[in-house]
Amino acid sequence: MKPAAPLLVLLPALVLLPVLLALPAQVHGGGWELIGTFLKAAIQPSLDPLVLRSLLEGLGVTVGMALLGWACSVVIGIGLGIASSRLVWRSLSGSVLPAEVLRRLLALPRSIHELIWGLLLLQLVGLQPAVAVLAIAIPYGALVARVVSDLLDALPDQNLNALLLSGTAAPAALLTALGPPLLPGLISYGGYRLECALRSATLLGVFGLGGLGNELLLTLQSLEFRELWSGLWLLLAVMLGLEALIRRLRQRWGMPSRFGLGAGSSGQRGRELVVALLALLPVLLLVAQALQVDPMALLQWQPLPAMDGQHWGTALALPWLPLVWNTLLLTLLAAALAVGGAPLLLLWVAPWSWGRRLLQLLWALGRLWPPPLTALLLLFVLKPGVLTAALALGFHNLGILGRLLLEGAEVTGSAVEEALRCGGVGARIALLYGRYSGLARSYLAYGAYRSDVILRETVVVGLVAGTGLGSQLNESLSSFAWDQIALLLLVYAVLTIVGEDLSDRARRRLL
Amino acid sequence: MAFNLPIQFSGRERWAAVAAGLSLALLPVAAPTALSPNFLPAAQAQSSKPVLRISAIPDQKPEKLNRLYGLVADELSKQLGVPVKYVPVTNYEAAVSAFRTGNLDLVWFGGLTGVQARLQKPGAKVLAQRDIDASFHTIFIANTRSGIAPGNSQKVLTQLKGKRFTFGSQSSTSGRLMPEYFLAQAGVKPNQFAGGAPGFSGSHDATIALVQSGAYDAGAVNEQVWRSSLHDGKANRSKVVAIWKTPGYPDYHWIAQPNLDQRFGAGFTTKLQKAILSWRPSNPEQKAILNLFGAQQFTGAKASDYVRIEQVGRQIGKIR
């Protein structure tokens with residue numbers, strides 16, 4: 001028996017029960033003073049001109065890198081997304097096998113975190129600004145490819161079939177029947193990837209270029225909270241500005257919400273869109289020039305580090321089972337907290353007019369603070385462990401999912417909710433049945449994508465002891481143990497493929 | 001309107017079209033410079049004077065790193081007559097890897113990262129260390145509520161079994177390598193800590209803050225950072241105390257690429273070493289550098305000084 005749709009969206013929040021039960025045992029509470037210092041620093045950030053200048057320069061580098069990495073990833077993603085669509089292959093050759101194979105292969109680049117891609121590429125081509133761009137473009141390209149192929153496969157195929165049956169050549173039929181309905185979802189998702197790219201470029205602390213991420217990480221590690229806040233405020237301004245811009249563009253071009261996998265109209269402003277894209281091209285070239293990103297440098301390969309085959313035994317003897325178990329536990333906990341937490345919190349504050357504003361602020365902080373920062377803050381009051389790491393990752397992703405949910409709720413319109421309210425139904429129930437019921441399935445499908453990302457992000461909360469594969473990967477990287485690194489990345493890839501398979505099945509049942 | 005031919009733009013669209021037209025007009029200006037071979041930094045470096053690229057493992061706050069290595073770059077440039085550029089890197093592994101791929105010429109490494117870098121880049125030269133680096137120390141610290149008692153003998157460390165323990169960064173010599181070695185000597189294995197694994201706080205400052213708060217019962221930090229934390233009040237003696245100080249071991253040092261003489265002229269490596277060794281507190285600029293390094297002066301160092309670090313690294317599994 002399927003549970004009713006409005007409740008479906010709250011199911012992941014059940015994880016809160018065990019979490020709240022386990023939490024009191026984790027509290028040590030010795031660092032409230034430090035949390036106080038951190039919060040006090042928020043209202044008195046450092047205004048030292050030297051700090052500000054270097055932060056502003058770093059911000060420029062980070063935004064530039066994000067833009068370039070995003071542009072490359074969208075191009076790669078659309079190409080590979082079309083190439084891994086079942087619908088496209090079925091129309092072209094009658095077999096969906098190539099699409100299935102490519103889809104599974106794409107899990108490999110996607111399962112590796114940007115930070116690790118950066119380090120791997122550094123081995124191959126040396127310290128080049130282009131490395132940072134590619135480190136974002138590869139995993140993001142693979143992720144965009146997955147979403148594009150899912151969007152394609154979810155489109156209604158009557159038009160395509162009609163064209164094919166009437167004798168139109170397959171490529172032309174595909175373009176005509178699928179191009180326009182794909183566009184809105186693609187643009188909406190593309191805009192969202194730009195926001196993600198900014199967050200990634202921040203975390204990446206671009207190699208050999210400094211960048212805001214570098215500054216944030218080092219100020220965090222040296223606990224210079226006032227200087228840290230100068231950077232965080234700057235980043236917040238840019239982040240909110242970018243989000244507002246993308247939101248306006250999406251509304252202007254009549255795009256549906258991000259996780260609306262259904263078809264929409266192709267938008268009234270197609271011409272404007274083309275013009276905007278053309279205008280982007282020279283901007284990208286100028287940014288590339290300013291940052292000295294040189295694609296040709298990617299072709300000058302360096303000799304790879306020496307790898308002797310003597311240590312495979314040690315690598316195989318790593319405690320794989322607990323590593324994988326901890327990683328899965330961490331990923332699932334964090335995903336459930338983020339996916340379930342967003343609608344639950346919105347319901348909770350529904351009766352109060354200021355509640356939503358407050359939540360939006362909290363979520364903005366979640367998106368703004370890189371997970372290592374949240375992990376450190378949590379450690380000031382909680383003992384290390386999987387739960388603490390999950391809370392850190394969960395908080396970050398809650399910020400992202402919460403915003404998406406609000407946006408989705410806006411698009412679905414308020415008619416049903418208002419009708420319920422007028423009928424005397426309470427604010428919470430009206431929100432639950434009026435808005436969430438229509439949104440539940442696509443929101444959960446989106447949550448499944450996000451779990452993919454959370455799995456990769458387990459790499460960045462290593463300062464919490466024993467968090468599984470992520471901690472081990474950091475350790476192997478610092479020992480330059482390439483055999484261990486290879487095995488670890490393989491395990492990440494397998495987990496991603498299995499997770500994707502499960503979420504594919506879940507989505508097919510949900511949607 | 002979409003079916004009107006010829007195309008008619010609305011007001012907003014006209015504005016956008018103008019913007020696009022302008023930027024397309026700019027395209028040829030931007031593109032050739034971006035795509036021409038002159039744009040290659042490598043080609044630039046070959047055509048004009050070669051640049052000495054210096055870097056350091058990132059173990060300080062960025063403001064201090066930028067200030068310090070900006071000064072070092074200026075001073076070296078003045079003394080050697082070549083352009084010097086500071087290239088910041090984000091983590092220890094990136095510093096070692098970028099040295100291996102030849103993108104950094106002179107790097108301030110820690111003990112372990114220096115050995116890793118030399119093993120990955122045969123022929124790399126150890127140039128100098130600070131006066132304090134010949135015998136560097138790690139301080140084991142503990143939260144006062146943890147019940148761990150300080151002492152003068154290494155046996156103190158056996159109390160750490162079953163406690164929550166954190167190292168600093170994974171690649172840190174004073175925050176990880178040597179403390180793990182001394183723990184092993186005392187019979188404490190990393191999997192005997194509470195939770196089955198130690199934490200890696202990422203930095204000495206974070207270790208002190210996390211032990212002081214009680215997140216971890218104990219940790220290991222660099223003596224230099226511990227002293228300055230006590231001095232500026234970041235470490236609160238009523239909450240965190242030193243429980244044991246390790247014997248001395250060699251740590252930080254300058255390492256140079258093997259090919260500097262070919263690129264900058266015969267004898268350049270020796271000139272570089274002499275320049276670093278010549279810094280004295282009597283010169284105001286050099287005094288500023290030495291102060292930021294926390295040293296009186298630099299002394300000559302050689303690869304054999306770090307044999308012990310290499311042995312310990314192999315024992316712990318950080319060097320293979």
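## Exercises on chain B

Chain B is divided into domain 1 (44-134 + 251-316) and domain 2 (138-245), with bounds taken from an automatic or database domain assignment. This is a predicted model, in which local features need pLDDT of at least 70, side-chain atom pairs count only at pLDDT 80 or more, and totals for chains, interfaces and linings use all residues. Residues are numbered from 1 along each chain as its sequence is written, while chains are lettered from A and ligands numbered from 1 in the order in which they are written.

**Exercise 1.** Describe how domain 1 of chain B meets domain 2 of chain B.

*Solution.* Start with the centres, taken over C-alpha atoms: they are 29 Å apart. Next, count the contact, where two residues qualify if their C-beta atoms, placed from the backbone, lie within 7 Å. Domain 1 of chain B brings 14 residues and domain 2 of chain B brings 11 residues. Then look at the elements, which are DSSP runs numbered from the N terminus: helices (H or I, at least four residues) and strands (E, at least two). On the domain 1 side, α4 (92-100), α5 (111-120) and α12 (307-316) of chain B give two or more residues. The largest share, five residues, belongs to α12(B).

**Exercise 2.** Work out which parts of chain B touch chain A.

*Solution.* First, the totals: 60 residues of chain B contact 65 residues of chain A. Now find the contributors on the chain B side; those with at least two residues include α3 (62-80), β7 (199-200) and α7 (204-213). The top contributor is α1(B), with 13 residues.
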